[in-house]
Amino acid sequence: MAFGPNPPPIQPHLCVKGGIEAIAFYEKAFGARCTFKAMADDGARVMHANLALFGSEIMLHDEFPEFGGDLLAPPSRGGASMAININLSAPADVDAALARAEAAGAHVVMPAGDVFWGARYARILDPFGHIWSFNAPLAQHS
């Protein structure tokens with residue numbers, strides 16, 4: 001179902017070039033699960049997909065410049081304009097997420113490290129031009 005009960009309050013909707021390949025990458029890199037996919041009439045492009053990942057959900061579609069071109073993939077725009085931040089439970093989870101994404105073909109933009117805001121943090125660029133960051137607290141705050 002494209003719109004199920006209890007959607008997340010904020011839900012990224014990614015535009016990509018190569019929707020089928022993007023779904024496969026997110027499944028491999030992030031353990032995503034495709035919960036809905038509708039293909040365009042051309043049979044080659046993803047009109048809409050929902051992916052469950054990291055306890056939340058994103059939506060995804062291919063570029064459709066014939067519908068006005070207001071949503072384009074990062075390479076068509078000259079690069080990403082935002083990062084999708086994934087908050088994880090423990091510092092080791094950041095290292096594991098980074099390693100899995102890199103093994104799947106992501107480029108490490110910022111290696112995992114402890115940062116000034118008291119977190120373990122890393123950032124990757126996926127093969128479709130989107131930036132993802134992984135963030136976990138170094139210590140529990142009371």
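Predicted model: local features only at pLDDT ≥ 70, side-chain atom pairs only at ≥ 80, totals over all residues.
**Helix α3**

Helix α3 covers residues 91–104, which is 14 residues. At 1.5 Å a residue the helix should span 20 Å, and the 21 Å between its end C-alpha atoms agrees with this. Five of its residues, Val94, Ala97, Leu98, Ala101 and Ala104, are buried. They lie on the same side of α3, because the arc they cover around the axis is only 130°. An α-helix has 3.6 residues a turn, so residues three or four places apart point the same way. Exposed residues Ala92 and Ala103 sit on the face turned away from the buried side of α3. Directly following the helix, Gly105 has a positive phi of about 120°.

**The nonpolar core**

In soluble globular proteins, nonpolar side chains tend to be buried together. Here the largest nonpolar core contains 31 residues. Tyr26, Phe30, Leu51, Leu60, Ile124, Trp132 and Phe134 have the most contacts inside this core. At least two core residues come from each of β1 (13–16), α1, β3 (46–53), β4 (56–62), β5 (83–87), α3, β7 and β8. Helix α1 gives the largest share, six residues.

Leu51 is one of the residues with the most contacts inside the core. Leaving aside residues up to four places away in sequence, Leu51 touches Ile23, Tyr26, Ala32, Arg33, Cys34, Thr35, Ser56, Glu57, Ile58 and Leu60.

**Strands β5 and β8**

Strands β5 and β8 run parallel where they pair, over five bridges. Within this pairing, Ile86 is opposite Phe134 of β8. The covered face of β5 holds Ile84 and Ile86, while Ala83, Asn85 and Asn87 are on its uncovered face.

Asn135 is a residue of β8. Its relative accessible area is 14%, and Asn135 therefore counts as buried, the cut-off being under 20%. The Asn135 side chain makes a polar contact at 3.0 Å with the side chain of Trp117. Apart from residues up to four places away in sequence, Asn135 touches Asn85, Ile86, Asn87, Leu88, Val94, Trp117, Ala119, Arg120 and Tyr121.

Key. Residues numbered from 1 in each chain as written. Heavy atoms only, no water. Helix = DSSP H or I, 4+ residues; strand = E, 2+ residues; numbered from the N terminus. Expected span 1.5 Å × (residues − 1). Buried < 20%, exposed > 50% of the residue type's maximum accessible area, 1.4 Å probe, protein only. Arc of directions from axis to C-beta. Core = buried A, V, L, I, M, F, W, Y, C linked by side-chain atoms within 4.5 Å. Contact = heavy atoms within 4.5 Å. Polar contact = N/O pair within 3.5 Å; in protein donor to acceptor, adjacent residues only side chain to side chain. Pairing = 2+ DSSP bridges.
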